[in-house]
Amino acid sequence: MTSRVQIRRRRAAAVATLAGLLALAIVALVGGGHERSAPPASDPEGERNAAVNAVVAYTPFVKEGGDRGRDVALTFDDGPGPYTPGVLEVLERYRVHATFFEIGKMLEYFSASTLRELRDGDVIGDHTETHPEMALLSAHEQHEELFEQIARIELLGGPRPLLFRPPYGSYDATTMRELHKLHLLMILWSVDTDDYLQPGVATIVERALAGAHPGAIILMHDAGGTRTQTIAALPTIITTLRARGFQLVTVPQLLRDDPPPPGQPLPSSLRGD
């Protein structure tokens, strides 16, 4: 009889111990949740905005990034257009993000490519509404050219453009004032491939590679004419730059990784398309 009582007591003690351990585990899980919160989700748009805002705080324009890293930015003007999908196919194949300076009016016909760029993680910049020479326009006309393109991108569901590239490299003091009002950073370039002239695939490749250096911003085009040569040149440009140890990035990432030093002189004139 005594043996049975002892067995019952031992079983009761074991059950109590297990219940206590279970209670402690529950408390640890519930209470510990406040101390071990999950890491915050990535915010690419916020990171881009922060990078641009940091640079526009000390300069109204950028021609290239700093020279301490290995970033190079591929940029494309005049799109979207019928050849933009071909450019995107190459970028997607090689997992490259680029910056597209788009004409607002072109979104009436080729907005599907812009949506594809946004899905891919590319960055959309302002290249005006109708691609005029800005220096020939009044302040009101310049403002409308800038603002209307911004409105089109936002109506499409894209983030508000913070970057601007002047068509033909044309700008004046009025342009700079309007950019300041709209909080746009003017992005120029350090390498011009002149691909819009269709000089041949080998020439486009040679120009892009010859001018490449840490912080370089390379100018090409995905629209505004036949762009089969640009599309054909891209794989060699990408693979060779990577073989040289360069990282191909968007302009905002270049500004975040290695921003330009302050005090750079604004070029008095540029040529481009």
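**View A. Residues L107, S113, T114 and E117 of helix α4 are buried.** The model shown in every view is a predicted one, in which local features require a pLDDT of at least 70 and side-chain atom pairs a pLDDT of 80 or more, while totals for chains, interfaces and linings use all residues. Residues are numbered from 1 along each chain as its sequence is written, and side-chain values use heavy atoms, with hydrogens and water left out. Buried denotes a relative accessible area under 20%, exposed one over 50%, and partly exposed anything in between (1.4 Å probe, protein chains only). Helices (H or I, at least four residues) and strands (E, at least two) are DSSP runs, numbered from the N terminus. The cover over the buried residues of α4 includes helices α3 (84-93) and α5 (139-155) together with strands β3 (99-102) and β4. Helix α4 spans residues 107-120 and bends by about 35° at S113; this bend is the angle between axes fitted to the seven residues ending there and the seven starting there. Just after α4, G121 has a positive phi of about 95°.

**View B. The protein chain has nine helices and nine strands.** The chain contains 273 residues, of which 44% count as buried. A contact is a pair of heavy atoms within 4.5 Å. Among contacts between residues at least 6 apart in sequence, 79% join residues at least 24 apart.

**View C. G79 belongs to strand β2, which covers residues 71-79.** The relative accessibility of G79 is 1%, so this glycine counts as buried. Beyond its neighbours within four places in sequence, G79 is in contact with T84, F101, E102, I103, M106, D222 and A223. G79 and S113 are 34 residues apart along the chain, and their C-alpha atoms are separated by 8.8 Å. S113 is also the residue at which helix α4 bends.

**View D. A cis peptide bond joins G79 and P80.** Its omega angle is about -5°. P80 lies in the loop that runs between β2 and α3. D78, in strand β2, has a positive phi of about 80° although D78 is not a glycine. With a relative accessibility of 4%, D78 is counted as buried. Most residues other than glycine have a negative phi, and most peptide bonds are trans.

**View E. T128 is another residue that has a positive phi although it is not a glycine.** The phi of T128 is about 75°. This residue is placed in the loop between β4 and α5. T128 counts as buried because its relative accessible area is 0%.

**View F. The rings of F76 and F100 form a stacked pair.** Aromatic pairs are rings of Phe, Tyr and Trp (its six-membered ring) with centres within 6.5 Å; planes under 30 degrees apart are stacked, over 60 edge-to-face, and the rest tilted. The count by this rule is two aromatic pairs. For F76 and F100, the ring centres are 5.2 Å apart and the planes meet at 20°, so the pair is stacked. The pair links distant parts of the chain, as F76 is in strand β2 and F100 in strand β3, 24 residues apart. F76 has a relative accessibility of 0% and therefore counts as buried. F100 likewise counts as buried, at 0% relative accessibility.

**View G. The largest cavity is lined by 15 residues.** A cavity is a set of points, on a 1 Å grid over the protein atoms alone, where a 1.4 Å probe fits but cannot get out; a pocket is an open set with protein on both sides within 12 Å along at least five of seven lines; lining residues have an atom within 4 Å of a point. Points are joined across faces, edges and corners, and a volume is the space filled by probe spheres set on them. One cavity of 30 Å³ or more is counted, and the largest holds about 160 Å³ of space. R48, V123, I124, P159 and R160 are the lining residues nearest its centre. Helix α2 (44-56) and strand β4 (123-126) each give at least two residues to this lining, and α2 supplies the largest share, four residues.

**View H. The largest pocket has a volume of about 180 Å³.** Its lining consists of P44, E47, R48, H97, G121, T250, P252, Q253 and R256. The elements giving two or more residues to this lining are α2 and α9 (251-257). R48 also lies among the residues nearest the centre of the largest cavity.

**View I. Q253 has its place in helix α9.** Q253 counts as partly exposed because its relative accessibility is 24%. Leaving out residues up to four places away in sequence, Q253 touches D71 and Q247. The C-alpha atoms of Q253 and V52 are separated by 9.1 Å, although these residues are 201 residues apart along the chain.
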